[in-house]
Amino acid sequence: MGIRENIQRVRERIERAALRAGRNPGEIRLMGATKTVPPEKIREAYGAGLRLFGENRVQEGIRKIQELKDLPIEFHFIGVLQSNKVRKAVENFSAVHSVSSLKLARKISSAALQKGISYPVFFELNLGAEESKSGFSEKEFFSSLEELSSLSNLKPLGLMTIPPLGEDPQPYFIRLREILEEVKGVFGPQFKELSMGMSDDYEIAVEEGATILRIGRAIFGERK
Ligand SMILES: *Cc1c(COP(=O)(O)O)cnc(C)c1O
């Protein structure tokens with residue numbers, strides 16, 4: 001199957017899931033998760049209508065952003081972000097979905113301050129409390145709220161999560177939506193995005209309120 005057919009099929013499934021849930025499919029953005037995917041394939045996905053892409057590594061992402069700068073597309077950072085790469089990430093990506101600690105949030109805010117901008121971020125929650133994953137625990141997130149909301153050069157757009165592999169993802173998606181509702185008042189009206197759902201679980205994510213789906217293999221095929 002080609003990239004174009006894959007995107008078409010994914011879009012159809014998103015639409016059906018949205019309609020089942022009584023949602024408007026138009027409020028759901030599809031992001032191509034393109035770690036290891038070469039620029040030519042991203043170009044192909046652009047040709048099939050994709051406009052948003054997500055990268056996991058700063059250097060790999062910057063190379064592709066530069067190669068594809070003739071295209072009107074947007075790149076978000078979705079991987080583990082090391083402190084020493086924050087400045088480069090802020091300069092090259094238009095948002096970070098993986099703000100996983102207060103320390104990282106402070107660093108991004110100060111990099112944004114130096115650029116004189118307000119930088120769009122998502123807070124990543126590790127709802128499965130997995131050692132192997134980064135992200136705020138629920139408890140850490142709630143106890144960090146006050147400081148997170150005071151970081152004046154962050155523009156918090158919403159929450160992101162990756163459910164534990166091999167478990168039913170639905171309770172995790174539901175919990176992320178509940179937390180978004182609970183803390184909406186803290187961050188203001190632009191705090192409304194749920195970045196959740198990947199190749200194996202995006203229809204469930206749509207049913208539970210996802211607004212950005214990060215999809216790799218279902219579009220680009222298995223990674224080597
Ligand atoms: C790789 C990746 C995805 C996409 O995963 P697929 O299973 O290929 O759809 C989404 N989000 C993050 C953070 C990823 O690293």
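Which residues of helix 3 (residues 58-67) are buried? They are Val58, Glu60, Gly61, Ile62, Lys64 and Ile65. The model is a predicted one, and the points below are grouped by topic.

**Helix 3 and helix 4**

- The buried residues of helix 3 pack against helix 2 (39-47), strand 2 (52-55), strand 3 (74-77) and helix 4 (86-92).
- Val90 is part of helix 4, and Val90 counts as buried because its relative accessibility is 3%, under the 20% cut-off.
- Beyond its neighbours within four places in sequence, Val90 contacts Ile108, Ala111, Ala112, Lys115, Ile117 and Tyr119.
- Val90 and Glu222 are 132 residues apart along the chain, and a distance of 29 Å separates their C-alpha atoms.

**Nonpolar cores**

- In soluble globular proteins, nonpolar side chains tend to be buried together.
- The largest nonpolar core in this model has 66 residues. Ile108, Phe123, Phe141, Leu159 and Leu213 are those with the most contacts inside it.
- Helix 7 (residues 170-187) gives the most to this core, contributing seven residues.
- Another core, of nine residues, lies apart from the largest one, and Met31, Ala33, Ala95 and Phe122 are among its members.
- Not counting residues up to four places away in sequence, Leu213 touches Ile14, Ile28, Arg29, Leu30, Met31, Met196, Gly197, Tyr202, Ala205 and Val206.

**Aromatic pairs**

- The model has nine aromatic pairs.
- In one of them, the ring centres of Phe77 and Phe93 are 5.3 Å apart and the planes stand at 75 degrees, so the pair is edge-to-face.
- This pair links distant parts of the chain, 16 residues apart: Phe77 belongs to strand 3, and Phe93 to the loop between helix 4 and strand 4 (95-99).
- Both partners are buried: Phe77 has a relative accessible area of 0%, and Phe93 has one of 3%.
- The rings of Phe123 and Phe136 also form an edge-to-face pair, because their planes are at 90 degrees, with centres 6.2 Å apart.
- Phe123 lies in strand 5 (residues 119-125) and Phe136 in the loop between strand 5 and helix 6 (138-150), so this pair ties together parts that are 13 residues apart in sequence.
- Phe123 is buried at 0% relative accessibility, and Phe136 is buried at 2%.
- One aromatic cluster is formed by Phe123, Phe136, Phe141, Phe142, Phe187 and Phe191.

**Ser109 in helix 5**

- Ser109 is found in helix 5 (residues 102-115) and is buried, with a relative accessible area of 7%.
- A polar atom of the Ser109 side chain lies 3.3 Å from the backbone nitrogen of Asn153.
- Apart from its neighbours within four places in sequence, Ser109 is in contact with Leu151, Ser152, Asn153 and Leu154.

**The ligand**

- The residues surrounding the ligand are Ala33, Lys35, Asn56, Ile78, Ile162, Met198, Ser199, Arg214, Ile215, Gly216, Arg217 and Arg223.
- An N or O atom in the side chain of Asn56 is 2.7 Å from an oxygen atom of the ligand.
- For Ser199, a polar side-chain atom lies 2.5 Å from a ligand oxygen atom.
- For Gly216, a polar backbone atom is 2.8 Å from an oxygen atom of the ligand.
- On its own the ligand has 380 Å² of accessible area, and the protein covers 93% of it.

Technical notes. Residues numbered from 1 in each chain as written. Predicted model: local features only at pLDDT ≥ 70, side-chain atom pairs only at ≥ 80, totals over all residues. Heavy atoms only, no water. Helix = DSSP H or I, 4+ residues; strand = E, 2+ residues; numbered from the N terminus. Buried < 20%, exposed > 50% of the residue type's maximum accessible area, 1.4 Å probe, protein only. Polar contact = N/O pair within 3.5 Å; in protein donor to acceptor, adjacent residues only side chain to side chain. Contact = heavy atoms within 4.5 Å. Core = buried A, V, L, I, M, F, W, Y, C linked by side-chain atoms within 4.5 Å. Near = heavy atom within 4 Å. Areas by Shrake-Rupley, 256 points an atom, 1.4 Å probe, with all protein chains shown as cover. Phe/Tyr/Trp six-rings, centres within 6.5 Å; stacked < 30°, edge-to-face > 60°.
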